[in-house]
Amino acid sequence: MDVVILGAGIAGLACADQLRAAGHQVTLFDKGRGPGGRMSTRRVDLDGRQLQFDHGAQYFTVRDDRFRRLVQVWEAQGVASRWHAAGEDAWVGTPAMNAPVRHMAEGHRVHFGHHVVALTRDVTGWHVRLQDGQHGPFHAAIVAVPAEQAAAFLGAHDLMMAADAMAARSQPCWTAMIAFEDRLQIPADSFRQHGIIGWAARDGAKPGRQDGETWVVQAHGSWSRTHLEDTAEDVARALLDALLAHAEGPVPAVRYCAAHRWRFAMTPGVDKGALWNEALRLGACGDWLQGPRVELAWLSGHRLGTMIGSAAAAA
Ligand SMILES: Cc1cc2nc3c(=O)[nH]c(=O)nc-3n(C[C@H](O)[C@H](O)[C@H](O)COP(=O)(O)OP(=O)(O)OC[C@H]3O[C@@H](n4cnc5c(N)ncnc54)[C@H](O)[C@@H]3O)c2cc1C
C-alpha cells in the first residue's frame, strides 16, 4: 500500500518503521520546520554562538523490551544516552532531545514544513490538502498528531475515533528557557514541584551538551492553565523569579530568557493503544492513545504499524 502519515513525531515515525518493514510505501507530512514534534529542540543565536534548549520532553523512560532494543541502537549510534539526574531509567537524545527523531526521519520520505489542512477521501483513495496544494491518492491514511488536532481530521470520517480523541484533551505547559553567565547555586541538576515550578532542569548538564549554564523550567499544569493567555514575557519573568527563589548565593547575570507555550502538552490518554478502521483504511496513533510519554507514543505507533502490516498480510 501507499500510506500517508500526518505528523512525523515519534509515534508517526514508529508506525512508518513498521509499515516499511512490512513492504509498504510511506509518505509523511509534518508542519514543523524540522524533526522532533514535542521532543523538539529550540536553537537560539546569541552573541555569535548558538544555544539550544530541550523545551519539550525532558527525558524518556525505557521499560518496554521492544523500545529498549531500539534505544540500544540509538545509544550505539550516539543519538541517545542515559541521564541519571532524572532517574535510574531516564534517557535523553544526544546532542539534543530531537536527535532520535531526526535519526528515525532520515530513513523515510518526510516533508517538513508541510501543514496539512484537510484529509479527504474519494473513490481513488485518500488525499491530503496543504495550504498550497494537494497530495494523493493514497491507499491508507494515518493520523499521528496530538488529540485536539487528530479530532478535527478524524471527525469527517469516523466519529468513534474522533470521540476518543476528544476524550484525550491535553493539559498546556508554559516552559521557560534561561541562560546564565555563570553557575546558578542549585546543587541538583533537576528538581520537581517547587512553587509554580512543576519541573526544572540544568539543560546544559545533560550528556553531550556544551551550552554552559542553561535551564529549562516548566510551570505545573494548573498554573499553565490559569495563565494560558498571559504574554510570553510575563511568563518568562515569573518562571525566572521562581527558579531564582530556589537558588542560593549571588545571582549570575541572565544572558537569555524566553518562554514557550505548549497548548497541547500532556494528554491523559485513552488507553486504546492505537486505532485502525480496516474498511476505511484509516488509522490513528500517538501518545493520546497510550499515555503521556515518549516511550508510550513510540509504542502506539509501533502497535499501529504492526497491526496494519499483519492485516494486509492476512488479506
Ligand atoms: C513540555 C513537555 C514536556 C514533556 N516532558 C516529557 C518527559 O519528560 N518525558 C516523556 O516521556 N514525555 C514528555 N512529554 C510528552 C512527549 O513529548 C510526548 O508524549 C511525545 O513526544 C508525543 O509524541 P507524538 O508523536 O504522539 O506527538 P508529537 O511529538 O506532538 O508529534 C506530532 C507531530 O504532528 C505534527 N502536526 C500536528 N498538526 C499537524 C498538521 N496539521 N499538519 C502536519 N503536521 C502536523 C507536529 O508538528 C508534530 O511533529 C512532554 C511534552 C511536553 C510538551
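Q: What should I know about the model before we start?

A: This is a predicted model, in which local features need pLDDT of at least 70 and side-chain atom pairs count only at pLDDT 80 or more, while totals for chains, interfaces and linings use all residues. Residues are numbered from 1 along each chain as its sequence is written.

Q: OK, how is the chain divided?

A: The chain is split into domain 1 (2-39 + 99-168 + 269-314) and domain 2 (41-97 + 171-266), with bounds that come from an automatic or database domain assignment. Taken over C-alpha atoms, the centres of the two domains are 28 Å apart.

Q: And how many residues are in contact between them?

A: On the domain 1 side there are 15 residues in contact with 21 residues of domain 2, where contact means that the C-beta atoms of two residues, placed from the backbone, lie within 7 Å. The elements giving two or more residues to that side of domain 1 are α3 (99-106) and α8, and α8 gives the largest share, 5 residues. Such helices (H or I, at least four residues) and the strands (E, at least two) are DSSP runs, numbered from the N terminus.

Q: Now the ligand: which residues come nearest?

A: The shell around the ligand has 36 residues, of which Gly 7, Gly 9, Ala 11, Gly 37 and Gly 286 come nearest; a residue counts as near if its C-beta atom, placed from the backbone, lies within 6 Å of the molecule or strand in question. The elements that contribute two or more residues to this shell are α1 (10-21), β13 (171-180), β17 (254-266) and α8 (294-314), and the largest share, 3 residues, comes from α1.

Q: Which domains does that shell draw on?

A: The shell takes at least three residues from each of domain 1 and domain 2.

Q: Switching topic, what about helix α5, which residues are buried there?

A: In α5 (residues 159-167) the buried residues are Met 161, Ala 162, Asp 164 and Ala 165. A residue is buried if 20 or more other C-beta atoms lie within 10 Å of its own, exposed if 12 or fewer, and partly exposed in between, with C-beta atoms placed from the backbone.

Q: Why do they line one face?

A: Seen down the axis of α5, its buried residues fall within an arc of 155 degrees, so they line one face of the helix; the arc is that of the directions from the helix axis to the C-beta atoms. These buried residues pack against α4 (147-154), β18 (275-277) and β19 (282-284), whereas the face turned away from them carries the exposed residues Leu 159 and Met 160.

Q: Is Leu 51 buried or exposed?

A: Leu 51 is buried, because 21 other C-beta atoms lie within 10 Å, and its place is in strand β4 (residues 49-54). Leaving aside neighbours within four places in sequence, its contacts include Val 44, Ala 179 and Tyr 256.

Q: And Ala 188?

A: Ala 188 counts as exposed, because it has 12 C-beta neighbours inside 10 Å, and it is found in the loop between β13 and β14 (190-194).

Q: Last one: how do β9 and β10 pair?

A: Strand β9 (residues 116-122) pairs with strand β10 (residues 125-130) in the antiparallel sense over 6 bridges, where pairing requires that DSSP finds at least two bridges between two strands. A hairpin through 2 residues joins β9 to β10, and Leu 119 has Val 128 in β10 as its bridge partner.
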